[in-house]
Amino acid sequence: MSFASLQQLKTALLGRGARANLFEIDIAFPTLTTVDTELTGTDFTKNTKILCKAAAVPGFTVGTIEVPFRAGRRIKIPGDRTFADWTVTIINDENQTLRRAFNAWVNLISKGNYESQVKSSATGADYYQDITCSHLKADNTVSRKYQLADAFPTDVSAIDLSFDSTDTLSEFTVNFQYHYLKAGNSTTSFATEKVDLAVST
């Protein structure tokens with residue numbers, strides 16, 4: 001990578017460059033998710049914004065279809081677009097509020113009581129939720145936001161416990177699946193954003 005001047009590099013980075021540690025995660029918990037009587041989905045969403053230690057801008061892949069041609073040659077054409085799993089790391093509070101909230105969410109999908117003949121009484125409308133991942137600027141405004149549509153947790157990791165662990169807080173990860181991804185910025189809604197591509201002739 002080379003630049004004619006340091007000023008060009010500074011201009012390309014718009015002065016600062018995007019910081020990996022400036023982000024906000026907004027997980028909308030299902031309304032049927034309850035932990036104790038005084039805690040609601042709104043409380044869980046607020047706590048997640050504070051206790052979410054790490055996340056990622058969601059990734060995606062466009063598949064490739066190879067069409068065989070004569071003499072062993074192959075033509076590659078674009079296939080279907082798929083979206084990668086999405087994972088967050090949560091700092092565990094002493095009451096394990098968010099841990100219990102995610103457990104309640106998973107219970108809506110598949111109950112952990114194997115004595116019960118009913119696997120789940122919830123429908124997709126009950127446990128599908130949208131998640132927003134916002135990448136922030138240095139002034140705390142939104143640089144870019146991503147919405148994971150119809151997301152639900154599939155993996156809640158173990159919490160490691162050890163006498164050797166000192167000066168650390170326990171944490172766990174939650175892995176989500178979702179149907180598709182929408183993107184926008186601070187002034188554009190997810191539904192209306194579009195990118196115009198110039199086609200050369």
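Me: Does glutamate 171 count as buried, partly exposed or exposed, and at what relative accessibility?
Reply: This is a predicted model, in which local features need pLDDT of at least 70, side-chain atom pairs count only at pLDDT 80 or more, and totals for chains, interfaces and linings use all residues. Residues are numbered from 1 along each chain as its sequence is written, and side-chain values use heavy atoms, with hydrogens and water left out. Buried means under 20% relative accessible area, exposed over 50%, and partly exposed in between (1.4 Å probe, protein chains only). Glutamate 171 therefore counts as partly exposed, at a relative accessibility of 32%.

Me: With which residue does glutamate 171 form a salt bridge?
Reply: A salt bridge is a side-chain nitrogen of Lys or Arg within 4 Å of a carboxyl oxygen of Asp or Glu. For glutamate 171, the closest N and O atoms of the pair are 2.9 Å apart, and the partner is lysine 53.

Me: How many residues apart in sequence are the parts that glutamate 171 and lysine 53 tie together?
Reply: Strands (E, at least two residues) and helices (H or I, at least four) are DSSP runs, numbered from the N terminus. Because glutamate 171 lies in strand β8 and lysine 53 in strand β2 (residues 52-54), the pair ties together parts whose separation in sequence is 118 residues.

Me: Is asparagine 175 buried or exposed?
Reply: Asparagine 175 has its place in strand β8, which covers residues 171-177. Its relative accessibility is 11%, so asparagine 175 counts as buried.
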